[in-house]
Amino acid sequence: MQKLILFSSILFFIPFVCSSKFERGTIKIPLKNYNDVLYTEIMVASTAMRVLVNTGSSEFWVPGKGCDPSWCQGKRTFDCSKSRSYKPTNRTFVSEFGGSAVEGPVGMDDIGMFNVFIKAMEFGQALKTRQSIMYLHYDGSLGLGPLAESSVGISFLQRLVDSKLIDTPVYSFSLEEKTGTLYLGSEGAYQGELVWSRIVRDDRWQIKAENITLGDTALCSPSTCQIEFNTAVEITLAPPEDATKLFTLLGAQDTQGSTIKSVDCKLVPSFPDLVFSVGGSEISLTPADYVTRQKMWKKELCWLSITAYEGIDRWVIGATEHKTLHVVYDFGKKAVGLAHAL
């Protein structure tokens, strides 16, 4: 089914999915989930784009015409000369992406995403980066970080609030293996009660934890234990010192050519829960939540969805664990709510 949209006197079609049905004060955005990479469709004027749904950044950017083919070859690019509604800003942006940075000019144009329409939205047109996106399943990035204003300008979330498109400044996810839903303006559905914790940085969905434990073993120091929630990352990242403790307890083994660790599938049922102590409550992941099973050559293999990452001082919960943990992002109160997913 398709829906006809009018932008700047130019008619074009965008895909319309029935599951994105609009309810007052809440917008449901269908997502694609490719190996825990979350992306959706968006229109910038008359240009269709796929964008990463990125809670780790507050910038909205897409590749601009003239980007270096070494990193954007084969990607859809935005050509401002073909849009009647485009307005330049005479500003530039820089955004962290994939361990590098993207940069380019900032412009304003109308955007549409299923039932969302925002006029004169500020966005970056990426022309330079050292991080190739040629083999990724998306073209740009839709930042859902906590900043109301970033190097690009007023954030997408803030524009939703300013335009009164949502009643409550929160959002959440519901994820399946290959699909998902982004709920803008809604806490979504979950088990039990939400445990709330205010963020400790203005630019990240990062909170303080009292502890992270595996069985009886503390994996991080209570004085420095912090957790970031970032859907631009597929799996969970941990500081090397914390990860080493976990690997030792689980008997994890190196995997050739990868940072992912393997474990003995027969022992997985005996593994203890991974427990995050937050806001005076405990949120647990069972072994089935943090171990991925895969059949290969008639043999079952088991992998940890947690890996060590050099240079970080916090745990980073990626998209994989958003299928088990229900995370509510409140950009009004600058807080994160946690519960178990349905």
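Modeller: Let me start with burial: a residue is called buried under 20% relative accessible area, exposed over 50% and partly exposed in between, using a 1.4 Å probe and protein chains only. This is a predicted model, in which local features need pLDDT of at least 70 and side-chain atom pairs count only at pLDDT 80 or more, while totals for chains, interfaces and linings use all residues. Residues are numbered from 1 along each chain as its sequence is written, and side-chain values use heavy atoms, with hydrogens and water left out.

Biologist: Why does phenylalanine 173 count as buried?

Modeller: Its relative accessibility is 4%, and the limit for buried is under 20%, so phenylalanine 173 counts as buried. Tyrosine 329 is also buried, because its relative accessible area is 0%.

Biologist: How many aromatic pairs are there by the rule for rings?

Modeller: The count comes to 13, where rings of Phe, Tyr and Trp (its six-membered ring) pair if their centres lie within 6.5 Å, and planes under 30 degrees apart are stacked, over 60 edge-to-face and the rest tilted.

Biologist: Why is the pair of phenylalanine 173 and tyrosine 329 edge-to-face?

Modeller: The ring centres are 6.2 Å apart and the planes are at 85 degrees, so the pair is edge-to-face. Phenylalanine 173 lies in strand S12 (residues 170–175) and tyrosine 329 in strand S28 (residues 325–330), so this pair ties together parts that are 156 residues apart in sequence. Both residues belong to a cluster that ring pairs build from Tyr171, Phe173, Trp205, Tyr329 and Phe331.

Biologist: What makes serine 172 count as buried?

Modeller: Serine 172, which is found in strand S12, has 0% relative accessibility and therefore counts as buried. Its side chain reaches the backbone oxygen of glutamate 187 at 3.2 Å.

Key. Helix = DSSP H or I, 4+ residues; strand = E, 2+ residues; numbered from the N terminus. Polar contact = N/O pair within 3.5 Å; in protein donor to acceptor, adjacent residues only side chain to side chain.
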